[in-house]
Amino acid sequence: MSLTVPAPHVPYDPRRLAAFLTEHGMPGQRSMTAITRLRRERINNRPVNLMPRPLAERLRARIIATAVAEIGRRGGETEIVGDRSSVGLHLADRDPATRTVLLRAEGWRYYSRRFGARHTTLAYVHGADDAGPWAVRVPGTLTTLAEALAWMEPAEVTKARAAGRRVRRQGDVYAIETTAAHDGRGSDALPEAHQWRPQTRYLVHRPEDGRRHRPLKLPYPVRFVRQRVLEMGRSGGRAYGD
């Protein structure tokens, strides 16, 4: 028996489909109401794509643009310029929970006819805290955000965490819980933007660029350690963090 199925371009019509199933003795729910209900159930049970690809791509582009702007503001190199082309930073890893990302670029940087080109990598960690966006440069050999964050953390801070001591951070300064005999140790080496006020037990941070961190209350004895990262630019030297 030859069956004539409605042409694909014909609009969906539950009544017509029900009649077609009944006419040819085909299995299935044949009433118009049943077919309509079944179709709605199938639509409702379709897996939901929480982030369609165009939206995900726009989000990625926005994250990169925001990070590149902050890195550039701080004097960082945001692309590797070759002889005939350049390579920009891309999003290598991210933690949506903390809004922290790792950006990387890898390519051949052109110096001159005499020196030619040299293969190089760039890597930065970018995030935001109570004072706004921040960015620091890390070694280009780091490929994951976890590796970069571990590299940024001073050894004294890592040991303190392992020992169960409390650690708080404000900008590039870590406050590590200590004994009363060592309370305030390291406060004389704090950068000018930081001020330890032992009478009120507040650590205050007011960067020169106008940002403002919330004062950090530290009611227990603490000592201070500064974060060290790579200098912005092409230097391989160390610098203090945000």
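The following dialogue explains how to read several features of this predicted model.

User: What conventions apply to the model and its numbering?

Analyst: Residues are numbered from 1 along each chain as its sequence is written, and side-chain values use heavy atoms, without hydrogens or water. In this predicted model, local features need pLDDT of at least 70 and side-chain atom pairs count only at pLDDT 80 or more, whereas totals for chains, interfaces and linings use all residues.

User: How many helices and strands does the protein chain have?

Analyst: Helices (H or I, at least four residues) and strands (E, at least two) are DSSP runs, numbered from the N terminus. The protein chain has five helices and 14 strands.

User: How many bridges join β3 to β4?

Analyst: Two strands pair if DSSP finds at least two bridges between them. Here, β3 (residues 90–95) and β4 (residues 100–112) run antiparallel and are joined by five bridges; Arg-94 has Val-101 of β4 as its bridge partner. The two strands form a hairpin with four residues between them, and Arg-99 in the turn has a positive phi of about 55°.

User: Which residues have the most contacts inside the largest nonpolar core?

Analyst: A nonpolar core is a set of buried Ala, Val, Leu, Ile, Met, Phe, Trp, Tyr and Cys residues joined through side-chain atoms within 4.5 Å; buried means under 20% relative accessible area with a 1.4 Å probe, protein chains only. The largest such core has 13 residues, and Leu-89, Leu-91, Leu-103 and Leu-122 have the most contacts inside it. Helix α3 (53–73) gives two or more residues to this core, as do β4 and β5 (116–129).

Methods: Buried means under 20% relative accessible area, exposed over 50%, partly exposed in between (1.4 Å probe, protein chains only).
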